Amino acid sequence: MTTLPTLPPVVHEFLAAVEKRDAAAVAACFTEDGSYAMAVPHPAVDGRAAIEAAFVRVLGEVDATRWELVTSGVAGDLVFLERVDRFWFGEKEAAIECLGVVRIVDGRIAEIRDYADIATWRERKAAAQGSAQG
Amino acid sequence: MVVGHGRPHLAAVLALDPEAAPAWAAEHGRPGASLEEIAALPEVRDAIAAAVDEINAGLPGAERVRRHLLVGEPWPLASDLLTATGKLRRKGVGARYAADIDALYLKETTR
């Protein structure tokens, strides 16, 4: 396993684009036929346009977000990102622990498979949104 | 998703659970089968129909699902079909399967 500075540049670009809530910049990190699975085994969205649309939805409903790396590693064309994805709804935060498997092709992201507990995420998000609205 | 507004009765668009369906397929000798392949299996379609009948048996007539459509197409999170937390987007599902939903009612009226 290696540490964060050795990660391919596109991984840092991706995380920065997410933090800026720039869906177009997120999608630009992917290959044209890239795919993104938000929570395996839920099916992936395929293609840059669909990825951008997905991130428009995800990033458009939050006031801020930051996907923090806990540990990371590289093995061949794969990058493993242990993350805590933090989202803010107003001042209320909802975070979800996640492991992302990223496959790199020619310096772009060809595939991300995120493993996260969607039921936990649903509960935390609802709690944060309820608090933010209440 | 149950539909039926402005229609003579209720119908439903059904999608397979992306966790449960592959697990079921693996237990039944079809490991690695896609959702499309699983949805096309006669035994799956029969089991879904039986489950719908079982649910209907406990409901009054007007609340029964008289027709259903089982789709094998994957429904990704944060898409036109599901929210990022897996909740249904009724408008998106209705639009995606509009012709199929119409056909559910057409079949009945032309029988």
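How much area do chain B and chain A bury between them? In this predicted model, local features need pLDDT of at least 70 and side-chain atom pairs count only at pLDDT 80 or more, while totals for chains, interfaces and linings use all residues. Residues are numbered from 1 along each chain as its sequence is written, chains are lettered from A in the order in which they are written, and side-chain values use heavy atoms, with hydrogens and water left out.

The answer is about 1300 Å², with 69% of it on carbon and sulfur atoms; buried area here is the accessible area (1.4 Å probe) that two parts lose on being put together, summed over both. Looking at who touches whom, 15 residues of chain B are in contact with 14 residues of chain A, contact being heavy atoms within 4.5 Å.

As for charges, there is one salt bridge between chain B and chain A, that is, a side-chain nitrogen of Lys or Arg within 4 Å of a carboxyl oxygen of Asp or Glu. The side chains of A:R57 and B:D80 meet in a salt bridge, at 2.3 Å from N to O.

Over inside chain A, A:V11 sits in helix α1, residues 9-19 (a helix is a DSSP run of H or I, at least four residues, numbered from the N terminus). A:V11 counts as buried because its relative accessibility is 1%, and buried means under 20% relative accessible area (1.4 Å probe, protein chains only). Leaving aside neighbours within four places in sequence, A:V11 is in contact with A:V79, A:L81 and A:I104. A:I109 is 98 residues away from A:V11 in sequence, yet their C-alpha atoms are 7.9 Å apart in space.

Notes: Helix = DSSP H or I, 4+ residues; strand = E, 2+ residues; numbered from the N terminus. Buried < 20%, exposed > 50% of the residue type's maximum accessible area, 1.4 Å probe, protein only.
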